[in-house]
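Please read them with the structure open.

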Amino acid sequence: MWVKQLLYGLFLAFVVALPSALALGYYKITGDPTFRPLAQSIERVVFRGEVGEARDLQVQLRLHDPSAADGLRMARQIRRSFSAKGIDARVYVLTIPEGERAGVIFRVHSNRLGPYPLSRASEGIQAAVSAYRMTVRAAAE
């Protein structure tokens, strides 16, 4: 009787852990951060300082010596703005020298929008959404 209960318990643990194990395996193979298990932080992806392979929409948040908390907060706000419009954007926080102006650059496929100053980032988000929707429609046709 206890063997049957042990096997039932192991089966339940396997069923519960299987989705996370598959997601972690996919992440390790492809490096796609959207499939990481929820327990991991996105801070490492946001602050790695380089723009990765081409995605549909990339955002470069260019700041003067940002603290981890401030840069991550701003990156989350920008990403949340795109998520509200149904677009998955990858946001990067880049540290720039004091001589350059802080701002935001949007890349939609091969198009570059900006740099926008931080005070006008919302205008850049609207422009990037419009450009993204135009390129998605053009690709669908």
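1. Arg-120 counts as partly exposed, at 38% relative accessibility, where buried means under 20% relative accessible area, exposed means over 50%, and partly exposed lies in between (1.4 Å probe, protein chains only). The partner of Arg-120 in a salt bridge is Glu-123, with 2.9 Å between the closest N and O atoms, a salt bridge being a side-chain nitrogen of Lys or Arg within 4 Å of a carboxyl oxygen of Asp or Glu. Glu-123 is likewise classed as partly exposed, its relative accessibility being 43%.

2. On provenance, this is a predicted model, in which local features need pLDDT of at least 70 and side-chain atom pairs count only at pLDDT 80 or more, while totals for chains, interfaces and linings use all residues. Residues are numbered from 1 along each chain as its sequence is written, and side-chain values use heavy atoms, with hydrogens and water left out.

3. As to the overall layout, the secondary structure of the protein comes to 4 helices and 4 strands, taken as DSSP runs numbered from the N terminus (helices H or I, at least four residues; strands E, at least two). Read from the N terminus on, the elements follow the order α-α-β-α-β-β-β-α. Of the 141 residues in the protein, 30% are buried.

4. Helix α1 deserves a careful look. It has 29 residues and spans 41 Å from its first C-alpha to its last, close to the 42 Å expected at 1.5 Å a residue, that expectation being 1.5 Å times one less than the number of residues. Within α1 there is a kink of about 40° at Ala-17, shortly before the proline Pro-19; the bend is the angle between axes fitted to the seven residues ending at a position and the seven starting there. Just after α1, Gly-31 adopts a positive phi of about 80°.

5. Which residues make the nonpolar surface patch of about 720 Å²? Tyr-8, Phe-11, Leu-12, Phe-14, Val-15, Leu-18 and Leu-22 form it, with the area taken from the Shrake-Rupley method and a 1.4 Å probe. Patches are built from residues with over 30% relative accessible area and no salt bridge, joining like charges within 9 Å and nonpolar side chains (Val, Leu, Ile, Met, Phe, Trp, Tyr) within 5 Å.

6. Because Arg-73 and Asp-70 are 3 residues apart in helix α3 (residues 68–84), about one helical turn separates them. An α-helix has 3.6 residues a turn, so residues three or four places apart point the same way. Both ends are partly exposed, Arg-73 at 42% relative accessibility and Asp-70 at 39%.

7. A further salt bridge brings together the side chains of Asp-88 and Arg-79, at 3.2 Å from N to O. Asp-88 is partly exposed with a relative accessible area of 36%, and Arg-79 is partly exposed with 30%.

8. In the sheet, strand β1 (residues 57–63) pairs with β2 in the parallel sense over 6 bridges, where pairing requires that DSSP find at least two bridges between two strands. Leu-63 stands opposite Thr-95 of β2 in this arrangement. Strand β1 also pairs with β3, in the antiparallel sense and over 6 bridges, with Val-59 facing Phe-106 of β3.

9. Phe-106 also has a bridge partner in β4, namely Leu-113. Strand β3 (residues 103–108) and strand β4 (residues 111–116) pair in the antiparallel sense over 4 bridges, and they form a hairpin with 2 residues between them, in whose turn His-109 has a positive phi of about 50°.

10. Is strand β2 largely enclosed or open? Because 5 of the 6 residues of β2 (residues 90–95) are buried, the strand is largely enclosed by the rest of the structure. Tyr-92 lies in strand β2 and counts as buried, at 0% relative accessibility. Although Tyr-92 and Arg-62 are 30 residues apart in sequence, their C-alpha atoms are 8.3 Å apart in space. Strand β3 is also mostly covered, with 5 of its 6 residues buried.
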